Every structure is written in C-alpha cells, then in structure tokens.
Amino acid sequence: MKRYNTLNDELKREFGTKVMKLSIDGGFTCPNRDGKVGSRGCIFCGEEGSGEFAGSRLDPIRVQIENQKSLLSRKWNTDKLIIYFQNFTNTYAPVERLRKLYYEALSIEGVVGLAIATRPDCLENEVLDLLSEINERTYLWVELGLQTIHEKTARFIRRGYPLEVYDEAIEKLKSRNIKVVTHVILGLPNESREEILETVKYVGKTHTWGIKLHSLYIQRDTDLYRYYLKNPFPIMSKDEYVSLVVDGLTLLPPNMVIHRLTGDGKRELLFEPKWTLDKLSVLSSIDRELKIRNTQQGERYKNI
Ligand code: SF4
C-alpha cells in the first residue's frame, strides 16, 4: 500500500483491473509556438512538445496505438487502454478535427478512456462542448500545464497566460464534471521551497481531480539548456526533491489522484539532473521518506 493515492489504484478501483496508458502524438502544434501567444514556447519545452515518449506524429493514431500496445502489453498485462494525447496542445485545432481524432482513438478495441493535455487558454466553448460530450460517453480527464502560481516564474518560463486563466479553465471544466489534472514543476529557477509549496497548496485547494508533480529537468533541445549554460542556477539534489515532494503530498487533499511524482526526460536529451533517470529509486526514496516521517498524503491538508 502506498501512502498516497496513485493513478494506478484509482484506475483499478474504476475498472476493476490494471489500465495501460498509451501516449500518442495527434499532430498538433501550440499557440505558444506558432506565434499566436508566443513563438519559442515554454522555456523547458523540447522539440517534441513535452511528449518525448509518445508515438510518431507521422503515423496515424491507430498505428501509434497498436505499436505502443505491442511494446507495453507484456509489461502491463491488461487489455484496457487509456489514450493520452500528450504532445503540444491537444485542443488547439478546429473542433471537427478534434472530434475525428478523439473518436478515432475511442473506436479502437480496448480503449476505455482518454486523457487530453492542453493549455487553459485553449478551451473555447465549442471545445468544452465536445469535451462534455466525450465525458458523457467515456472516462475522460484533461491535463493543464500550470507549473507555478507565481507570475515572476510564469514570465521567466514564458508560460504565456496569467493565473486567472487557469482558475477560469478549471471552473469551466469542473462545472461540466470533467476531471482536471494539473502539472506542477518543482525546482524552477529562483523559486524558494516555500514558493513551490504555495503552488502545491493552491492546486490542492482547487479540489480538482489529480496532479502531476515532477522535478525540473533540463533537456539539451530546449532554451532552458541554453539559458543554463550562460546563467547556471542551483539544481535540486535527489534528497532535496524527495523531501519537498513528501512535504507537498502532505498538503494535498487525501483523495487527489497522484498521476506522477518523477520527471520524464528522455535519456539521450537529458542534461541535468541525472538522478531523475532512475525513477524507481526516486519513487522508493519517496515511499521511504513518507514511512520515516510516518506521514501520508493529506496529513496537513486539514490545517491549511
Ligand atoms: S504549452 Fe506545452 S507544448 Fe506549448 S510550449 Fe508550453 S510546454 Fe510546450
């Protein structure tokens, strides 16, 4: 038993068995890259649009799903699938194209749900209507890349929208009963430990469904890498990260679903921190720290 509410456990409760999540590239771009909001993207975003483990955008999504299924099915041993539209901004296209892609994914044998990663400023009414329709038919969650609540950091990372836009997006999604997962990066430059935990607390107080926490990692194909070479900044050690994550978990609501507690950098592209490559070691260190402190997710939530 974990001392936090994992996605694995949540999906087992929902579907009665393990569910495999497959990441695909729907061929989207991002308004923070195509000039609508910005042209260079978020400072940490790589050439593949924060989706280094998805299928190839050159393949139709059916082919991407079949390829990943055969790669991962031995490890997961289940025929239930959730398709994760991961790369770039997966609601940033004409709604008819979105409809075609989402329904194509849902038509594949074994698919029991969709996860859609997007920006909070890419949820126009007709997109929300489509998401509501999908939500009525299947298991759906929408992932939003917040990363931080602090405007100075948001400007530094070139996120391209203010906090109010995130607040409005989660209200719109919640009012339609659509599950929301928020991405938060721990260790962004010039953020103190207290500031990082303020972001975690803030997300906890939204009462949205899930959260992804991961450490900042620097990939060689990003502007962050070029910035770091000229302006090196402190990078968290594994011990600092583990301690911070455990603090963060105690501040979250006990029922919030924890989708991720480690970074997801690609080995060939990762510059620092190298310890993020050993995910199992990071996760077991988090488990150990929770045990040593005799604490768990939500322990301090009631005191906030
Ligand atoms: S919003 Fe996502 S895809 Fe767009 S630049 Fe930022 S991280 Fe990359």
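Okay, let's start with helix α6, residues 163-175: it lies across β4 (139-147) and β5 (179-186), and it runs at about 170° to β4. Contact here means heavy atoms within 4.5 Å, and the angle, on a scale from 0 to 180 degrees, is between N-to-C directions of axes fitted to C-alpha atoms, for helices over the stretch in contact. Helices (H or I, at least four residues) and strands (E, at least two) are DSSP runs, numbered from the N terminus.

Quick caveat: this is a predicted model, with local features needing pLDDT of at least 70 and side-chain atom pairs counting only at 80 or more, while totals for chains, interfaces and linings use all residues. Residues are numbered from 1 along each chain as its sequence is written, and side-chain values use heavy atoms, leaving out hydrogens and water.

Still on α6: Ser175 lies in that helix. Buried or exposed, Ser175? Exposed, at a relative accessible area of 59%; the cut-offs are under 20% for buried and over 50% for exposed, partly exposed in between, with a 1.4 Å probe and protein chains only. Its C-alpha is 21 Å from that of Tyr161, 14 residues apart along the chain.

Now the sheet. Seven strands make an open, parallel sheet, ordered β1-β2-β3-β4-β5-β6-β8, where pairing takes at least two DSSP bridges between two strands. At the edges sit β1 (20-24) and β8 (257-260), each pairing on one side only. Neighbouring strands are turned by 25° against each other on average, ignoring direction. Zooming in on β1, five bridges join it to β2, residues 81-85, running parallel, and Leu22 stands opposite Ile83 in β2.
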